[in-house]
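This report describes selected features of one structure, beginning with the ligand and then turning to helix packing and a loop residue.

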Amino acid sequence: MVYFVGAGPGAVDLVTVRGRDLLSCADVIIYAGSLVNQELLHYAKRGCEIYNSAKMYLEEIVDVMVKAEKEGKLVVRLHTGDPSLYGAIKEQMDLLEGAGIPYEVCPGVSSFCGAAAALKQEYTLPSVSQSVIITRMEGQTTVPEQETLHKLAEHGCTMVLFLSMGLTEQVKQELLSGAYRESTPCAIVYKATWQDEKVVRGTVGQLPEMAKKHQITKTALIIVGDVLESDYELSKLYDAGFSTEFRKAIPKQQEQGIAILSFTEQGTIKNQKLANQLKEEGILCDTYTVEKYQRPGVQAFQSLPKLIGDIFGKKNVLLFIGATGIAVRAVAPFLKGKETDPAVLVMDEAGNHIISLLSGHLGGANEWCKKIAGLIGAEAIITTATDIRRIFAVDVFAKKNNLIIKNLESCKEVSACLLSGKQVAILSDYKLETIPKGVVLVSKEEAGQYPCGIYIHREGQERKEKLPFPMTCELLLKNLYVGIGCKKGKSREELLLFLEECLGSLKISKERVAMVASIDYKAEEEGICALAKELDVPFMVFTAEELLEVEGEFQESMFVKEKVGVGNVCERAAILASKGTLIIKKTCKEGMTFALAEKEMTLQCCM
Ligand code: SAH
């Protein structure tokens with residue numbers, strides 16, 4: 001029998017157990033000398049005949065195999081990585097078949113997996129890329145017309161390029177003619193998993209220089225795609241819009257995700273299992289248990305109050321697997337209010353029931369409860385009246401649409417009104433997708449007839465001093481994008497003061513700012529980073545090329561153009577980040593420029 005065996009990417013202990021056993025039984029080994037780690041040959045038994053295929057022609061290789069097999073010998077043909085990728089095994093198999101020789105294939109760890117390990121990278125991140133294209137640049141081996149690199153590049157997904165190190169300039173051009181940008185992250189992994197492995201990171205635009213500078217000409221893979229550097233979707237439920245639109249945003253310095261706590265052995269088994277399911281959904285998950293029941297991947301804690309103290313306010317969901325009493329007592333000392341408290345859930349250790357205990361609406365506990373119940377087949381227990389009666393909840397509506405609630409108490413009034421069967425009015429400056437049951441859309445003139453209503457407005461000069469309804473739930477949309485350009489060294493205070501002046505001139509509150517944007521050249525500018533932090537919004541940067549592509553008439557500065565390659569940063573960045581329209585044009589003061597764009601939105605209603 002002839003076995004085609006995958007040798008793995010390099011490290012000797014990355015051959016499979018089956019592959020190693022075959023090596024140690026083989027009478028003849030033919031290995032691909034150029035890439036296979038020769039240390040693997042130590043597994044060969046005494047007297048095994050060993051050939052290096054790098055020095056042989058195809059026919060020679062097959063002759064050796066055929067002859068040995070006919071003598072009843074076990075032959076291993078050792079290929080690098082996994083033989084199915086660029087292994088040229090088909091031609092060997094065809095010849096063996098012609099000669100009536102039986103053969104089998106033993107898979108191996110491909111180098112693209114080795115490279116992912118070297119990069120500590122997941123190639124498939126939710127909402128960033130869910131596909132990996134494995135390909136190569138056309139060289140001496142032709143590539144079918146349908147698969148030329150620029151055609152494949154149209155997908156913009158994660159891409160791994162084999163056998164292309166000699167052609168980095170062409171690779172770059174072909175990638176750019178597809179969906180990748182100069183700034184798309186890119187990495188070269190040289191000799192993944194070998195002792196002399198090297199990882200070089202950069203962008204598509206820098207690819208040829210990266211290879212040149214590190215003198216990498218072969219035995220390397222090129223990996224491209226936004227997965228290499230992304231603030232990916234933490235939770236599909238709550239960050240759906242965020243992750244796609246703010247894909248490249250420099251994330252807020254906030255830990256998020258779920259903490260799961262268990263207190264019994266059964267509970268800890270459930271804990272571990274649920275965490276794995278959530279991680280598969282792309283949700284960040286930390287797991288904790290009491291010391292006695294510690295399991296792999298679940299951290300032990302000694303003091304529950306100390307643990308809660310550490311994670312409260314950092315995690316957006318706390319899930320207790322155990323008695324409700326434990327959860328209530330544990331969180332009680334830390335509760336502040338519904339604007340800030342995390343979602344708290346309790347589940348029994350058998351996973352029969354899961355209760356939304358705290359922050360059902362604003363904290364999202366009800367949604368999480370339903371989601372987790374769905375994942376594990378539990379019954380979701382929700383006690384919020386509006387949910388039970390499927391009545392419109394204004395706080396859930398606000399959360400879903402990124403609306404700021406000016407007065408939280410007013411939400412209760414709206415709910416009370418709807419629960420008692422009375423109509424609630426909505427006066428809105430934005431379009432609504434649908435009008436929920438029990439709610440009527442009204443004009444300014446009609447507003448006075450309704451005792452209770454929701455008022456969603458753009459602020460600005462037109463904002464009436466008097467609220468339109470006797471009981472008004474006032475909502476503001478967080479849909480303003482600030483574009484900034486500034487001289488080096490401008491402080492957070494200077495920038496903030498100027499921003500407040502600009503917003504103040506239009507009577508707009510700064511809580512409506514959803515993002516700060518600038519050019520990549522300013523990515524590390526301390527003042528802007530601190531400003532974004534102060535506003536508690538992401539800071540997004542674009543390359544000069546991306547900014548140049550924004551269409552419209554902008555007030556250009558020759559000086560800035562010469563310096564950074566684009567003559568107007570703030571207006572272009574604001575438009576690009578928001579995909580909206582300018583409401584404050586470029587405004588300058590003491591080496592700072594600001595522009596403000598508003599994103600037009602249709603509000604989604606939910607029951
Ligand atoms: N069957 C192999 C690929 C063989 S083609 C596999 O599955 O990995 C040879 C190409 O694979 C090389 O030119 C290089 O692009 C890549 N390659 C092989 N081993 C590698 C390693 N350890 N690190 C990076 N790239 C590697």
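## Ligand surroundings

A polar backbone atom of aspartate 82 lies 2.8 Å from a nitrogen atom of the ligand. This distance, like the other values in this report, comes from a predicted model. Serine 111 contributes through its side chain: one of its polar side-chain atoms is 2.6 Å from an oxygen atom of the ligand.

In total, the ligand is surrounded by 18 residues. The closest of these are Leu85, Ser110, Ser111, Ala192 and Ala220.

## Packing of helices H16 and H17

Helix H16 spans residues 492-505 and helix H17 spans residues 526-535. Their axes come within 8 Å of each other and cross at roughly 60°. The two helices are therefore oblique to each other, because an angle of 65 to 115 degrees would be needed to count as roughly perpendicular. The crossing of H16 past H17 is right-handed.

On the H16 side, the contact is formed by Arg492, Leu495, Leu496 and Leu499. H17 supplies Gly527, Ile528, Ala530, Leu531, Glu534 and Leu535. By class, the residues of this contact comprise 7 nonpolar, 1 polar and 2 charged.

## Packing of helices H9 and H12

Helix H9 (residues 265-280) and helix H12 (residues 365-376) have axes that come within 11 Å and cross at roughly 105°. H9 is therefore roughly perpendicular to H12.

Leu274, Gln277 and Leu278 of H9 make the contact with Ile372, Leu375 and Ile376 of H12. These contact residues divide into 5 nonpolar and 1 polar, with no charged residue.

## Lysine 422

Lysine 422 is located in the loop that runs between helix H15 (409-419) and strand E19 (424-428). When neighbours within four places in sequence are set aside, lysine 422 is in contact with Cys417 and Gly438.

Lysine 422 and tyrosine 450 are separated by 28 residues in sequence, and their C-alpha atoms are 9.9 Å apart in space.

Note on methods:
Residues numbered from 1 in each chain as written. Predicted model: local features only at pLDDT ≥ 70, side-chain atom pairs only at ≥ 80, totals over all residues. Heavy atoms only, no water. Axes fitted to C-alpha atoms, helices over the stretch in contact; angles between N-to-C directions. Helix = DSSP H or I, 4+ residues; strand = E, 2+ residues; numbered from the N terminus. Parallel < 35°, antiparallel > 145°, perpendicular 65-115°, else oblique. Left-handed = near helix turned anticlockwise from the far one by under 90°. Contact = heavy atoms within 4.5 Å. Nonpolar A, V, L, I, M, F, W, Y, C, P; charged D, E, K, R; others polar. Near = heavy atom within 4 Å. Polar contact = N/O pair within 3.5 Å; in protein donor to acceptor, adjacent residues only side chain to side chain.
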